[in-house]
Amino acid sequence: MDESFQSLDHVRASALDMAVRFGPKLVVAIFILVLGHLFGGWAGRVLDRLLVRLNLEAPVRALLVRVARILLFGLFAIMALQNLGIELLPLLAGLGVAGAGVALAMQGILGNVAAGLTIIFTRPFHVGDYISIGHEEGEILEISVFSTTLGHSDRSMVVIPNRKIVGEILHNYGRTRQLNLAVDVAYDTDVTAALGLVQDILSANPRVLQDPAPVFGISRLADSGVTLSVSPWVKVQDYGAASAELNRAILERFRAGNIVIPFPQREVRMLGTES
């Protein structure tokens, strides 16, 4: 029993000694971490307001604010560890070895991150632009560090890993797209009158942008008629609806104006027969 009491007294004395020696340091370390968290949040808000004034996009602002908060908190964490008397060089060496292993195991993810940073800082496109890359196209809905999300007119979404974007040929339409409509009229048609009707249709449709001015005219002389090209600019979200409205208006106005839209036809003459 005496030995048990002595052991308990020894443990109690050791715990008390540890509490006296490291208790104040632990309290100070916790206080440093809390202060680092608060200071990082304040610095992040200040930085975000500054970046808004610089007209940086939301993904860029979010990334820079997050990096600033992590760096500041890491600085305070180092101060807390030093206050506890922890040797940092062996810890950093161990983290370096572990980081190398993690990097090898996460090459694809890190490739997306590197590509995402390239997209965010070079800004080849912005949220709201309409792009075409590879076999995919759509309106940019979101740009993140890992992927870019496109939206289609059928309300579906395509998520593309950023490493599939960087280095590829990219067609950025911006916020507007140009329609490419074509209609044939007979060769005996008054082409000037037909183009006048097309101009009236383009001017009356609210989806058609007047700046830049719509482009229309004779594009080719086909086998069965004269092909008129109608290529106005519209907003990305109006692309499908504007195409349908303009085709319908052209058909109705041409019918009302007795402008013939010829059927494709080919004339074959028999010059003679062999006996």
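Mentor: Happy to. Let's begin with N258, which sits in the segment after α6 (239-256). Keep in mind throughout that this is a predicted model.

Trainee: What is the phi of N258?

Mentor: Most residues other than glycine have a negative phi. N258 is not a glycine, and yet its phi is positive. The value for N258 is about 55 degrees.

Trainee: Where does R123 lie, and what is its phi?

Mentor: R123 is placed in the loop between α4 (107-122) and β1. Its relative accessible area is 35%, so R123 is partly exposed. R123 is not a glycine either, but it has a positive phi of about 55 degrees.

Trainee: Which peptide bond is cis?

Mentor: As background, most peptide bonds are trans. Look at the loop between α5 (191-204) and β8 (215-221), where P212 lies. D211 lies in that loop too. With omega near 5 degrees, the cis bond is the one from D211 to P212.

Trainee: How far apart in space are D211 and W233?

Mentor: Start with D211, which is exposed because its relative accessibility is 70%. D211 and W233 are 22 residues apart in sequence. From C-alpha to C-alpha, their separation in space is 8.1 Å.

Trainee: How many salt bridges are there?

Mentor: Side chains of opposite charge can pair when their charged atoms come close. The cut-off is a side-chain nitrogen of Lys or Arg within 4 Å of a carboxyl oxygen of Asp or Glu. By that rule the count is four.

Trainee: Which residue forms a salt bridge with D238?

Mentor: D238 has 15% relative accessibility, so it is buried. The closest N and O atoms of the bridge are 3.0 Å apart, and the partner is R207. D238 is in the loop between β10 (233-235) and α6 while R207 is in the loop between α5 and β8, so the bridge ties together parts 31 residues apart in sequence.

Trainee: Which residues are linked with R207 in a network of salt bridges?

Mentor: R207 is partly exposed because its relative accessible area is 27%. The residues linked with R207 in the network are D238 and E245.

Trainee: How many residues apart are E252 and R248?

Mentor: These two form a salt bridge, with their closest N and O atoms 3.0 Å apart. R248 has a relative accessible area of 59%, so it is exposed, while E252 is partly exposed because its value is 43%. Both lie in helix α6, about one turn of the helix apart, and the separation is four residues.

Trainee: How are the rings of Y130 and Y173 arranged, stacked or edge-to-face?

Mentor: The count of aromatic pairs comes to one. The ring centres of Y130 and Y173 are 5.5 Å apart and the planes are at 70 degrees, so the pair is edge-to-face. Y130 lies in strand β1 (residues 130-133) and Y173 in strand β5 (residues 170-174), so the pair ties together parts 43 residues apart in sequence. The arrangement, then, is edge-to-face.

Trainee: Which residues form the nonpolar patch on the surface?

Mentor: One member is V34, which lies in helix α1. V34 is partly exposed because its relative accessibility is 44%. Together the patch residues have about 370 Å² of accessible area, and they are L26, I30, V34 and L38.

Trainee: Which helix gives the largest share of the positive patch?

Mentor: The positive patch is formed by R45, R49, R53 and R69. R53 is exposed because its relative accessible area is 71%. The largest share, three residues, comes from helix α1 (residues 2-53).

Technical notes:
Residues numbered from 1 in each chain as written. Predicted model: local features only at pLDDT ≥ 70, side-chain atom pairs only at ≥ 80, totals over all residues. Heavy atoms only, no water. Patch = residues over 30% accessible without salt bridge, like charges linked within 9 Å, V, L, I, M, F, W, Y side chains within 5 Å. Areas by Shrake-Rupley, 256 points an atom, 1.4 Å probe, with all protein chains shown as cover. Lys, Arg positive; Asp, Glu negative; His and termini not counted. Charge placed at Lys NZ, Arg CZ, Asp CG, Glu CD. Helix = DSSP H or I, 4+ residues; strand = E, 2+ residues; numbered from the N terminus. Buried < 20%, exposed > 50% of the residue type's maximum accessible area, 1.4 Å probe, protein only. Phe/Tyr/Trp six-rings, centres within 6.5 Å; stacked < 30°, edge-to-face > 60°.
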